[in-house]
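Please read them alongside the sequence and the coordinates.

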Amino acid sequence: MAFAYTPGLRVASVTEVRKERRLPLAGETLVNVGDSVSAETVVARTELPGNVKMINIANIMGMPPGDIPELLFKKEGDPLEENEPVGQTKGLFGLFKNTVRSPIKGTFESYNNITGQAVLREPPIPVEIDAYIKGTVAEILENEGVIIEATATFVQGIFGIGGETRGELKVCVDSPDQELTGDLIDESCRGRILLGGSFVSYETLKKAIAIGVNAIIVGGFDDKDLKKFLGYDLGVAITGHEKKGITLILTEGFGRMTMAHGTFDLLRSREGMLTSVNGATQIRAGVMRPELVIPVDEALSAIGSDKQAGAMDIGSPIRCIRAPYFGKLGRVAALPAELQVLDSEALVRVLEVEFENGETATVPRANVELIEE
Amino acid sequence: MAVADKEITRIMATDCGSTTTKAILIEKRDGEYRLIRRGEAPTTVEAPAEDVTKGVLNAVGEIEDLEGRKFLKADGSTVQVSPDSPDGVDIYMSTSSAGGGLQMTVAGVVKSMTGESAQRAALGAGAIVMDVVASNDGRLAHEKVADIRRLRPDMILLSGGIDGGTIDHVVELAEIIKAADPKPRFGVGYKLPVIYAGNKDAAGEVAKELGDKVELKIVDNLRPVLERENLTPARDIIHELFMEHVMAQAPGYPRLMKWAGHYVDDKWKQVPVMPTPGAVGKLIEIVAKQENIEVMGVDIGGATTDVFSVFHSGEETVFNRTVSANLGLSYSVSNVLASAGFDNVMRWVPFHMDEADLRNRIRNKMIRPTTIPQMLKELIVEQAIAREALRLALVQHKELATGLKGVAQERTIGDAFEQTQTGATLVNMMNLDLLIGSGGVLSHAPRRSQAALMVIDAFLPEGVTMLAVDSIFMMPQLGVLSEVLPQAATEVFDKDCLIRLGSCVAPSGQLKKTDVLADVSLKMPDGSSEELQIERGKMFVLPLGVGEKVQAVIKPAKNLDVGSGPGVEWIGELEGGVVGLVFDGRGRQPFNLPEDDSTRIAKLQEWAKALDIYPDRFLNLEGSE
């Protein structure tokens, strides 16, 4: 077996990026195929059905549910103002009438003769989605959204917190093994996407939020800091919805981790450019990783684009993703077919890796990821 | 729909899991069905393939390579089912949990009564229950509406009211579903399946509310009277709708469903694709029934942990299944830490470890879920987490595997001092005969004794219990096979799937001052006798091979029970296994680990050595990588 399949995070200098911008419910698209859009351009719009309020009119009036319809002022679909009477009892000789009023502004949706319950619905909630990246409208998804296409630098992280944001990329450290410390963050970082090195602490993150930094990209972060930052212990890794005032993207993992040189050098070369980032991560079936998209004017480079995704061969650049070589970079030196016994006594398929310093080691194939060149 | 055995001698079965598709080849040779070969390949539900059958072809292709025979059609387009040709197989079948399995919301009037019955029906059918909506669940109507809409279940099961009981509350629940107007996860333009299995008198009103909004199916009430559940009609329709609606929308499934089948009298007959946990449950039920024993099975996966049980309740045999949706060892590993707490995980690690270090290790496993422990230290940490995931899954199972709540009980004067409530758990570890572990961390543990100690620590079996593991996780395929060819399923299960680890003997009850929990007399297979003592706080193993049995007399100390009652002698047969007979003197009800760190670590090391679960160098791992 000359090659193997392994997961890998994309780090592409220039590539074609396609982003689907889809509405949560059917709605209308506002752009046409071929239109140039900026990241802020609103491309589609819809209205979510309003929240429902249920009131039991029969209970309030103290009457059998079946007797209510003739006492209602509203029929299905009628608009309602807050506090507007919905129905009224006949009272005793025209006196002591019991009036039921709408607690909300919206519409009278339905009344049920058995339960005595009326369903009132608040006005619809408008939802708009923007283009997220600067590019061209490539496709219209009828009533659902659009696909934006751009030539861009594209980098995937391993884990993120916080949703979509954008800003100019600013490099704050000299090397990928340097920690992003508080003293490196000042007023000039407001509204920017900061490139750090190996680590960021909770205290530095707090300072960045206070200054108004939009996002931080670093190699690693401590889990105990994550707990402090979120205010809870993250259970299932589904993120992106946090409203913490900043988006954080880790490129390597938890703990202090030197950012992969390739990633760092590539991002450093894009300093000052408008960058769109999204921290949303979903680690389950249909995995989703955080990302940086930096639209560029360069022509697409043809190199490496025909390589089979996930195919690993002798000489492929890889990163170890589990102890004891976590974070170390190297190249595949051999792919032995036979299973081998690990330190843990497990019998598994392995590969031999030659690290950047020339040393070699045997690691399980499951414990490396491919770095796309 | 059982078929005459002679017609089928070559069987291909696959299980499309969320990450891996596993294929097994079973053949009848020398008059018995045996597992011949196993192959696996990554599941291909997601982009770029977006077609589950690709993974199936790859997994079967691996079997072709290993076996040197053809099982796919010449153009590689499908599994070849051809009874008249030397190539291919006589029948192909499959189970599936890919794409997140079957996700359901259930609704009932009273949460602990019809709500729970509905939950049991859905779980038994192999679903993940995302939410239980009930009239008394404490949420306001609009909150329920918002929750149904947000969760986007694949299907909703609406129950409520015994026959002749409340109508209002049931219709109210239907109104909530109507207001939510939920949209299915897969496929635009088809209606969400909703099953009504409640008060038959409310069926008309429910149909009026929901009829044109959803794909409504009305079946018999799942709780027609308070004293009885009738879950089968609801479970059957869930399976049917799962095939027709949910699976049919997932990428590649329409084709997979066409592939699964065989020829009967020259006519093609389809075999339904089953949800994976539904198939495992089926198999466990069959085993319990055939041997007339009480059985528990646990399958610990990357994202979820399933627990199955068959216990006797009076005259009846009751099957239960629960799924702990967020307890697992890869995707959900961080959630185990969050749910169990750091200290509970740490208490199983036989050396000191820094909290920050452990937390980062667990998180790194979460973000790269497919990695495996290379170092012994990492393996030990992972097995510590597995113990807590298993323990929590059992706690959840005990809460749902109960007798029916709200049932009137007759009490005699003798019961006056015993305040038993209705709905007590059916899980009784003392009565349990067989405990089967499955899933990577148990099936693929480098030493079988590791699997034995993990299930003992997590499940704390009492009295005499046989422990076993599923050798290569093929219970799902055997479950679906049992529908068509029960004999083949049980033969392969017994000979190739189930690996007996050995009996565990654990006295249970309040320990008084005694240091000896039980005296054991054994009559060995070679005719010799052995006299042993189970001492307080100690464990030991007596080698006894697979299929070997000894006659045993176990005399527990006063107050302690090994199955015959407190202080009463137990006489019976103990069966061995690949680990042997495990004697556990650490106590049950209660089982406590020493609170002091150093004493606890010393004890963990002592037990690990007694069962020989790790190489001796594990004693020097502190501070290492």
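1. Leaving aside its neighbours within four places in sequence, which residues is B:Leu390 in contact with? In this predicted model, the residues that B:Leu390 touches are B:Val298, B:Ile300, B:Thr305, B:Met454, B:Val455, B:Ala458 and B:Phe459.

2. B:Leu390 belongs to the largest nonpolar core, which has 214 residues. Together with A:Ile216, B:Leu390 has the most contacts inside this core. Helix 12 of chain B gives the most to the core, with 12 residues. Another core, of 69 residues, lies apart from it and includes A:Met54, B:Ala121, B:Ala122 and B:Leu231.

3. On the interface between the chains, 45 residues of chain B are in contact with 41 residues of chain A. On the chain B side, the elements that give two or more residues are helix 3 (141–151), helix 4 (168–180), helix 9 (333–340), helix 11 (355–367) and helix 12 (376–400). Helix 11 of chain B gives the most, with seven residues. By type, the chain B side divides into 20 nonpolar, 14 polar and 11 charged residues.

4. Helix 3 of chain B has as its buried residues B:Ala141, B:His142, B:Lys144, B:Val145 and B:Ile148. These cover an arc of only 160 degrees around the axis, so they are on the same side of helix 3 of chain B. An α-helix has 3.6 residues a turn, so residues three or four places apart point the same way. The buried residues of helix 3 of chain B pack against strand 7 (52–56) of chain A, and also against strand 5 (102–108), strand 6 (127–134) and helix 4 of chain B. After helix 3 of chain B comes B:Arg152, with a positive phi near 45 degrees.

5. The domain assignment of chain A gives domain 1 (4–45 + 130–295), domain 2 (52–121) and domain 3 (311–371). The centres of domain 2 and domain 3 of chain A, taken over C-alpha atoms, are separated by 70 Å.

6. One open sheet in chain A has three strands in the order 4-6-13, with antiparallel pairing. Strand 4 (28–29) and strand 13 (125–130) of chain A stand at the edges with a single partner strand each, so one side of each has no neighbour in the sheet. Strand 6 (residues 42–48) and strand 13 of chain A pair over six bridges in the antiparallel sense. A:Val42 has A:Asp130 in strand 13 of chain A as its bridge partner.

7. Four strands of chain A form an open sheet in the order 7-12-11-8, and here the pairing is antiparallel. Strand 7 and strand 8 (79–80) of chain A are the edge strands, each pairing on one side only. Strand 8 of chain A is joined to strand 11 (residues 106–111) of chain A by two bridges, and the two run antiparallel.

8. Is B:Pro590 buried or exposed? B:Pro590 has 10 other C-beta atoms within 10 Å and is therefore exposed, the cut-off for exposed being 12 or fewer. B:Pro590 is found in the loop between strand 24 (581–584) and helix 17 (597–610) of chain B. B:Pro590 and B:Pro525 are 65 residues apart in sequence, and 34 Å apart in space, C-alpha to C-alpha.

Key: Residues numbered from 1 in each chain as written. Chains lettered and ligands numbered in written order. Predicted model: local features only at pLDDT ≥ 70, side-chain atom pairs only at ≥ 80, totals over all residues. Contact = placed C-beta atoms within 7 Å. Nonpolar A, V, L, I, M, F, W, Y, C, P; charged D, E, K, R; others polar. Pairing = 2+ DSSP bridges. Buried ≥ 20, exposed ≤ 12 C-beta atoms within 10 Å, placed from the backbone. Arc of directions from axis to C-beta. Domains from an automatic or database assignment. Core = buried A, V, L, I, M, F, W, Y, C linked by C-beta atoms within 7 Å.
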